[in-house]
Amino acid sequence: MKKILVVCAALMLPCLLVHAQEADNTTKEEGIVLNVIPRIDLNPVFSTAKGGDNDFNWGNTAFYTLFEGNLADNLSFSVENHWFREKPKGLYKNIGHSDDVNFIDWAYLTLTLGNWEISAGKQMITTGGFEFDDYDFDVHSELQSGLWNTLACYQWGAKVGWNVSETTYFGGQITTSPLAEKFFKGGLFTYSGEWRGTYGNFSTISSITFIQGTKLGEGTKFMDCFAKLLAVGLRYDAEPVVLTMDVFNKVGANDEMLGGWTIMPSADWTVNDNLGLIFKASLERTKNDIPDVKKNAITAGVAAHWFPLKDKGLRLHATCAYNNRFETMTLSAGVLYNFSLKVK
């Protein structure tokens, strides 16, 4: 009965408390954990264009909860909610939309059968290399790629994963399509295949994704109905520095997924137990000339993370980022607190 109540709580949490990132932080020993994560950012933006206007906004200011754990030895759940952002109305207005985020980032169950895992519910499309693997509440959108900022990666569907060994994992997934207006409307779906591997100091998250934009009709070839997204993520751990390279064959701009390619090198340097620095850049090149979209877009910047508490629940951060697509320089400062409460 106790387990049934926990399942109900997991499914009803969005209603009771009235988007990257699949959670896997809760181990069997931890049981069931609720993380409450408020974040406040101050985000002045300076125009580098002649005669351009400066701006100020609240950046990645948000309020999240992450509720996850084990219901049995082979059954787990994960629910992440995005309750607040600078303009929160869309989080609740877009509940039925697949082309935008809403207050439920993900909510899914995972059944483990030996080396196999089966998950169902709302989950992240298995794409985007290491960049999409980070939690939304941890990252800095001004340093993220155009694809990360435009692709509605949380969709309803199911996934089957095979842990070939302790170092190699393969997964296959079917979800609703972010190129459709609403979930399950129009019969548009996304099909993904993923490879995750860790081999000594090297690791990879690579995937091929077919995102359906139109239905098959007379005169339309089957493959022409899909946007093909190849993502290759490579990482080398040269402690205390972790080097990462993500490469996409698509570019995200103006709420569209364009043909071209994206290259993103980054370095994450753990200076000491309390301080970390992130250096990140991206080059996004579109294939065709498109009005109001630069053919070559460059983003570069640095982020500093300081953890003053021993448990690292509190994070003070600052970023400096340049974006030539929008001709802006962003200087941001903020605070994030990840409060963890053991439920069971």
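The model is predicted. The protein chain holds three helices and 18 strands. Its radius of gyration is 20 Å, close to the 20 Å given by the globule rule for 344 residues, so the chain is as compact as a globular protein of that length.

**Size and burial**

- The C-alpha atoms of the protein chain fill a box of roughly 65 × 60 × 45 Å along the principal axes.
- Of the 344 residues in the protein chain, 44% are buried.

**Surface and charge**

- The protein chain has an accessible surface of about 17400 Å².
- Carbon and sulfur atoms account for 61% of that surface.
- The protein chain carries 30 positive and 38 negative side chains.
- The centres of these two sets of side chains lie 4 Å apart.

**The nonpolar patch**

- A nonpolar patch on the surface is formed by Leu111, Leu113, Trp116, Ile118, Val160, Trp162, Val164, Phe170, Trp195 and Tyr199.
- Together, these residues have about 870 Å² of accessible area.
- Two or more patch residues come from each of these elements: β5 (104–113), β6 (116–124), β7 (154–163) and β9 (189–199).

**A closer look at Val164**

- Val164 is one of the residues in the nonpolar patch.
- Val164 sits in the loop between β7 and β8 (168–176).
- The relative accessible area of Val164 is 37%. Buried means under 20% and exposed means over 50%, so a residue in between counts as partly exposed. Val164 is therefore partly exposed.

Technical notes:
Residues are numbered from 1 along each chain as its sequence is written. This is a predicted model: local features need pLDDT of at least 70, side-chain atom pairs count only at pLDDT 80 or more; totals for chains, interfaces and linings use all residues. Side-chain values use heavy atoms; hydrogens and water are left out. Helices (H or I, at least four residues) and strands (E, at least two) are DSSP runs, numbered from the N terminus. The radius of gyration is taken over C-alpha atoms; the globule rule is 2.2 Å times the number of residues to the power 0.38. Buried means under 20% relative accessible area, exposed over 50%, partly exposed in between (1.4 Å probe, protein chains only). Accessible areas come from the Shrake-Rupley method with a 1.4 Å probe; for residues, only the protein chains shown count as cover. Lys and Arg count as positive and Asp and Glu as negative; His and the chain ends are not counted. The place of a charge is taken as NZ of Lys, CZ of Arg, CG of Asp or CD of Glu. Patches are made of residues with over 30% relative accessible area and no salt bridge: like charges are joined within 9 Å, nonpolar side chains (Val, Leu, Ile, Met, Phe, Trp, Tyr) within 5 Å. A salt bridge is a side-chain nitrogen of Lys or Arg within 4 Å of a carboxyl oxygen of Asp or Glu.
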